[in-house]
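Open the viewer and get your selection tool ready.

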Amino acid sequence: MKRSHFLLVAVVAAAPMLCAAPLTLDPAVIEEAKRAVFGGESVMTQDSAPAPAAAEQGDTALWQEAMDAAGTEMMPVLLLALLQRLNPHLPMQEHAARYAEALRLHVLAAAGNKAARMELAAALSVGVLTNGLRVPCDASLAEKMKH
């Protein structure tokens, strides 16, 4: 009887602590909980979350891959896929004219049109086209586009 009484007291005492810890999917809270469980060491590794610079380098490489495919059916596919990923706030089905304009600019620039190359160079230096679509921000690509 004493044993069950002790167990009941323990459960009642632990109940407020269980209610105080809300269920969450917040990575920072989960990481803090992991540190508490594993003795203060961070469980998250360098590979767990890509660095912003690495993600930007990936966008630059994808943009360059699309431009390298100029004159093929792959260029519009690669470019539009990248633009759509960079602009989730501007869905392609609702902003088709913007995407078509961006594609036209890139095709003209790839074909050597000086005005298109200058406009694209300016966009690459700030990371945004004049129509509001985001593009990779890369000074070296912008510089190459000027020549």
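## First stop: α4 against α5

Begin by selecting helix α4 (residues 74-86) together with α5: the two pack at an angle of about 130 degrees, and their axes are 10 Å apart. Turn the view to look at the crossing of α4 and α5, which is right-handed. Now show side chains at the contact: α4 supplies Met75, Pro76, Leu79, Leu80, Leu83 and Gln84, while α5 supplies Tyr99, Ala102, Leu103, His106, Val107 and Ala110. As you are looking at a predicted model, keep that in mind along the way.

## Second stop: α5 on its own

Which residues of α5 are buried? Select Tyr99, Ala102, Leu103, Leu105, His106 and Ala109 to see them. They lie on the same side of α5 because they cover an arc of only 160 degrees around the axis. The spacing has a simple background: an α-helix has 3.6 residues a turn, so residues three or four places apart point the same way.

Then step past the end of the helix to glycine 112, which follows α5 and has a positive phi, near 100 degrees.

How far apart are the axes of α5 and α6? They are 7 Å apart, and the helices pack at an angle of about 120 degrees. α5 and α6 are therefore oblique to each other. Their crossing is left-handed. To display the contact, select Leu105, His106, Leu108 and Ala109 of α5 with Ala116, Arg117, Glu119 and Leu120 of α6.

His106 is worth a label: this residue is buried, and it is listed in the contact with α4 as well as in the contact with α6.

## Last stop: the whole chain

Zoom out and colour by secondary structure. The protein chain has 7 helices and 0 strands, giving the pattern α-α-α-α-α-α-α along the sequence. Colour by burial next: of the 147 residues in the protein chain, 25% are buried. Finally, draw the contacts between residues at least 6 apart in sequence; 49% of these join residues at least 24 apart.

Note on methods
Residues numbered from 1 in each chain as written. Predicted model: local features only at pLDDT ≥ 70, side-chain atom pairs only at ≥ 80, totals over all residues. Heavy atoms only, no water. Buried < 20%, exposed > 50% of the residue type's maximum accessible area, 1.4 Å probe, protein only. Helix = DSSP H or I, 4+ residues; strand = E, 2+ residues; numbered from the N terminus. Arc of directions from axis to C-beta. Axes fitted to C-alpha atoms, helices over the stretch in contact; angles between N-to-C directions. Parallel < 35°, antiparallel > 145°, perpendicular 65-115°, else oblique. Left-handed = near helix turned anticlockwise from the far one by under 90°. Contact = heavy atoms within 4.5 Å.
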